Amino acid sequence: MHILLLGSGGREHALAWKLAQSRCIAEEGGTLFAAPGNPGIAGHAQLVTLDIANHGEVAAFCAAQSIGLVVIGPEAPLVDGLADSLRASGFPVFGPSRAAAQLEGSKGFTKDLCARANIPTAGYVRTKALDEALAALGRFAAPYVLKADGLAAGKGVVIAETRAEAEETLRDMFSGGGEVVIEEFMEGEEASYFAITDGATIYAFGGAQDHKRVGDGDTGPNTGGMGAYSPAPILTPQIRGEAMQRIIAPTIRAMADEGMPYSGVLYAGLMLTNQGPKLVEYNCRFGDPECQVLMMRLESDLADYLLACAERRLGTMPPPKFSDHSALTVVMAAEGYPGTPQKGGTIGKLDAAEETGAKVFHAGTSLDASGSLVASGGRVLNVTATGQNTAEAQQRAYEAVDKIDFPSGFCRRDIGWREIARTG
């Protein structure tokens, strides 16, 4: 079977690395294609040039290459309806429809669905008008959680500590139009919980904890994620069961009942409150950088499960298996991130890093005119290692980080700190 993977980031490099190990590629002569890919993905897949926004062009490539499975990595093509177009052309796709992808594409849509399905989440107000939003602040206590309604690459959320800051943020958010969701601030610790589904059967697909803030000790502005580890022991069996029964399963049922069956991976950002887990938000794709640590722990054949979801026969498969070992990834970012990153910085000695046993996933790299590897984005590398526990995985990941020559890069030095503090 031939597979087409769409995307170019660290998440897609991790997926490509794991898909290349699948039986259909590694043993049965299938080809893994990736569009557009990146220099790291090129080590596992044949890179092709496709305009992902041109659905007809992607479908024509799939037909010419007899593609048996399309895996859509990032959220934008899903929200744009690429999965619908390819399914209409007869190709199995791992990823939700345009309608189902509203769970990520519109925070207001998700909050309204939660209200209808009695899914535990923060209280909220959804508004398209600045005057209404400013007045609605009076219904909430500081700090204020303000969210742009649409896609924002993981950076569309502002937590304003004061009323004045909230008002300024709202004016900025509404300056370009659109819609804003104001939410009650939830106290607790955040964790990421994943499930795969074909719209009927649902299987848990691991948990992780991300580190959103740019600086050590969870300081500074939010980013797309500066590192992650899996498993997240704070997601106890009881919490995982409650999250599945009260949040994820009711969401899948509600989507089906409303004529928008959800197929693909559903990533629930959870707040672990004193009242139990509550939904922060959904993503309709694998997390980044959570995907990297999940793929390091996954023992099952990834292609088999993605295809089973695409063909709506997940119930014929056993639950996926994961290693009991821990995995931890450290994001190396370009100076200036999450503002304007410094692009073009040279990167070297990745081989030395991987000789430690770590895996370096490329998130924002390219080759310059001389063929040298350079930074081309904000988050540039994901240095990922495994160990018997979080502390050992952390030690191995930073050992690999310190081998890399990336003068214009930086990273947090405390990924995994919460779990390590808990366990000593």
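This is a predicted model: local features need pLDDT of at least 70, side-chain atom pairs count only at pLDDT 80 or more; totals for chains, interfaces and linings use all residues.
Biologist: Which residue forms a salt bridge with Arg313?

Modeller: A salt bridge requires a side-chain nitrogen of Lys or Arg within 4 Å of a carboxyl oxygen of Asp or Glu. Here the partner is Glu311, with the closest N and O atoms 2.7 Å apart. Glu311 is partly exposed, at 40% relative accessibility.

Biologist: How many salt bridges does the structure hold?

Modeller: The structure holds 24 salt bridges. One of them joins Asp218 to Arg412, whose closest N and O atoms are 2.9 Å apart. Asp218 lies in the loop between strand S12 (213-215) and strand S13 (219-222), and Arg412 in the loop between strand S22 (409-410) and helix H15 (417-423), so this pair ties together parts that are 194 residues apart in sequence. Helices and strands here are DSSP runs numbered from the N terminus (helices are H or I, at least four residues; strands are E, at least two). With a relative accessible area of 1%, Arg412 is buried, whereas Asp218 is partly exposed at 26%.

Biologist: Which residue is paired with Asp402?

Modeller: Asp402 forms a salt bridge with Arg413, the closest N and O atoms being 3.2 Å apart. Asp402 is in the loop between helix H14 (390-401) and S22, and Arg413 in the loop between S22 and H15, so the pair ties together parts that are 11 residues apart in sequence. Asp402 is exposed, with a relative accessible area of 52%, while Arg413 is partly exposed, at 42%. Salt bridges may also be linked into a network, as happens with Arg11, Glu12, Glu75, Glu104 and Arg285.

Biologist: Which side chain makes a polar contact with the side chain of Glu290?

Modeller: A polar contact is a pair of N or O atoms within 3.5 Å; within protein, one must be able to donate a hydrogen and the other to accept it, and residues adjacent in sequence count only if both atoms are side-chain atoms. The side chain of Glu290 has such a contact of 2.9 Å with that of Ser192. Leaving aside neighbours within four places in sequence, Glu290 is in contact (heavy atoms within 4.5 Å) with residues including Phe194, Ala208 and Tyr267.

Biologist: Is Ser230 buried or exposed?

Modeller: Ser230 counts as buried, at 0% relative accessibility, and is found in strand S14 (residues 227-230). A polar atom of its side chain lies 2.6 Å from the backbone oxygen of Gly207. The Ser230 side chain also makes a polar contact of 2.9 Å with the side chain of Arg297.

Biologist: How many residues of helix H12 are buried?

Modeller: Helix H12 (residues 302-310) is mostly covered, as eight of its nine residues are buried. Among them are Leu302, Tyr305, Leu306 and Cys309. Asp301 caps the N-terminal end of H12, with a side-chain oxygen 3.2 Å from the backbone nitrogen of Ala303. H12 is followed by Arg312, whose phi is positive, near 55°.

Definitions and conventions. Residues are numbered from 1 along each chain as its sequence is written. Side-chain values use heavy atoms; hydrogens and water are left out. Buried means under 20% relative accessible area, exposed over 50%, partly exposed in between (1.4 Å probe, protein chains only).
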